[in-house]
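Please review the following briefing alongside the sequence and the coordinates.

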Amino acid sequence: MQSLAMIENWPVPTAAAAVVTSDGTLLGTHGPTAHRFPLASVTKPLAAYAALVAYEEGAVELDEPAGPEGSTVRHLLAHTSGLAFDEPRVTAPAGTRRLYSNAGFEVLGDHIAKATEIPFPEYVRQAVLEPLGMTSTALEGSPAKDGVSTVDDLVRFAAEVQAPRLLDPRTVLEAQTVVHPGLKGVLPGYGHQNPNDWGLGFEIRDSKSPHWTGLSSSPATFGHFGQSGTFLWIDPTAGAACVALTDRAFGPWAAEVWTPFTDAVLAELGTSGR
């Protein structure tokens, strides 16, 4: 895909990108797709997928208590547990506000580790990485932000989410459906959003503006971006997913280049998304 070559003009030392369709076809790649990049918060979808495997295996239930009083596994996955951004401090009752929380994902990892009697990084490896052949991916600390991966490996994950083999497709559909609709909140890097919609570990685009995806991205688009200059989006309307990894921290540069890049990818796919 010619649009992927746009990453050559990004103000970053290293970048790689790829597009994979819903039937698993790799439409194109650009850059060093085997290079290992820190994922930052693109770690969260991998952690969430492992949590959903734990749910399907019967190790946890989505609505069992986890985290602060009144919170459940579902709340932690959807950033509605009430926990603060980067510390296990309660700032709101569960289910009342969309408070993006690294601490919530760390509590979730601890909860699943206790339920399965397997350290959460190892559980992610066994439940997600190994079955998908993601041999260059590792979770080396916090389930919120300490993953390391390659474009090649995340293409495997993006193909899985679009055509699930590890999970029941109904579970994945639930993960990309808004949990607690109508809640306001701040989307890190993009400001206050009303509503600030999330599924189970995946951010949902809906009508958010500004946003890190394209102006032509469909409202159904879901995924995640990371503060290490990384993103993964899946647009069901376009029938494709895009991965882009860099080694420059997120900043104004990313907001400037990511949206036109995504719009160019979607245009080349032959869809406006709306």
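In this predicted model, Ala-144 is found in the loop that links strand 4 (138-139) to strand 5 (147-149). Ala-144 counts as buried because its relative accessibility is 0%, and buried means under 20%. Leaving aside residues up to four places away in sequence, Ala-144 touches Ala-40, Ser-41, Thr-43, Lys-44, Asn-102, Phe-105 and Glu-106. Gly-199 lies 55 residues from Ala-144 along the chain, and their C-alpha atoms are separated by 16 Å.

- The strands on either side of the Ala-144 loop, strand 4 and strand 5, run antiparallel and are joined by two bridges.
- Opposite Ala-138 stands Val-148 in strand 5.
- Both strands belong to an open sheet of three strands, in the order 3-5-4, whose pairing is antiparallel.
- Strand 3 (37-40) and strand 4 are the edge strands of this sheet, each pairing on one side only.

- Strand 1 runs antiparallel to strand 2, and four bridges join them; Val-19 stands opposite Gly-28 in strand 2.
- Strands 1 and 2 form a hairpin with four residues between them, and Gly-24 in the turn has a positive phi of about 90°.
- Strand 9 (residues 222-226) pairs with strand 10 (residues 230-235) in the antiparallel sense, over five bridges.
- Within that pairing, Phe-222 has Ile-234 of strand 10 as its bridge partner.

**Helix 5 and its neighbours**

- How do helix 1 (residues 43-56) and helix 5 (residues 151-162) cross? Their axes come within 12 Å and cross at roughly 50°, which makes helix 1 oblique to helix 5.
- The crossing of helix 1 past helix 5 is left-handed.
- Helix 1 contributes Pro-45, Leu-46 and Tyr-49 to the contact, while helix 5 contributes Leu-154, Phe-157, Glu-160 and Val-161.
- By class, the residues in the contact of helix 1 with helix 5 comprise six nonpolar, no polar and one charged.

**Cis peptide bonds**

- Asn-194 and Pro-195 are joined by a cis peptide bond with omega of about 0°; Pro-195 sits in the loop between strand 7 (191-193) and strand 8.
- Ser-209 and Pro-210 are likewise joined by a cis peptide bond, with omega of about 0°; Pro-210 sits in the loop between strand 8 and strand 9.

- His-79, a residue other than glycine, has a positive phi near 60°.
- The loop between helix 2 (73-77) and helix 3 (102-116) holds His-79.
- Is His-79 buried or exposed? His-79 is buried, because its relative accessible area of 2% is under the 20% limit.
- His-180 also has a positive phi, near 55°, and is a residue other than glycine.
- The loop between helix 6 (169-175) and strand 6 (185-187) contains His-180.
- With a relative accessible area of 25%, His-180 is partly exposed.

Key. Residues numbered from 1 in each chain as written. Predicted model: local features only at pLDDT ≥ 70, side-chain atom pairs only at ≥ 80, totals over all residues. Heavy atoms only, no water. Axes fitted to C-alpha atoms, helices over the stretch in contact; angles between N-to-C directions. Parallel < 35°, antiparallel > 145°, perpendicular 65-115°, else oblique. Left-handed = near helix turned anticlockwise from the far one by under 90°. Contact = heavy atoms within 4.5 Å. Nonpolar A, V, L, I, M, F, W, Y, C, P; charged D, E, K, R; others polar. Pairing = 2+ DSSP bridges. Buried < 20%, exposed > 50% of the residue type's maximum accessible area, 1.4 Å probe, protein only.
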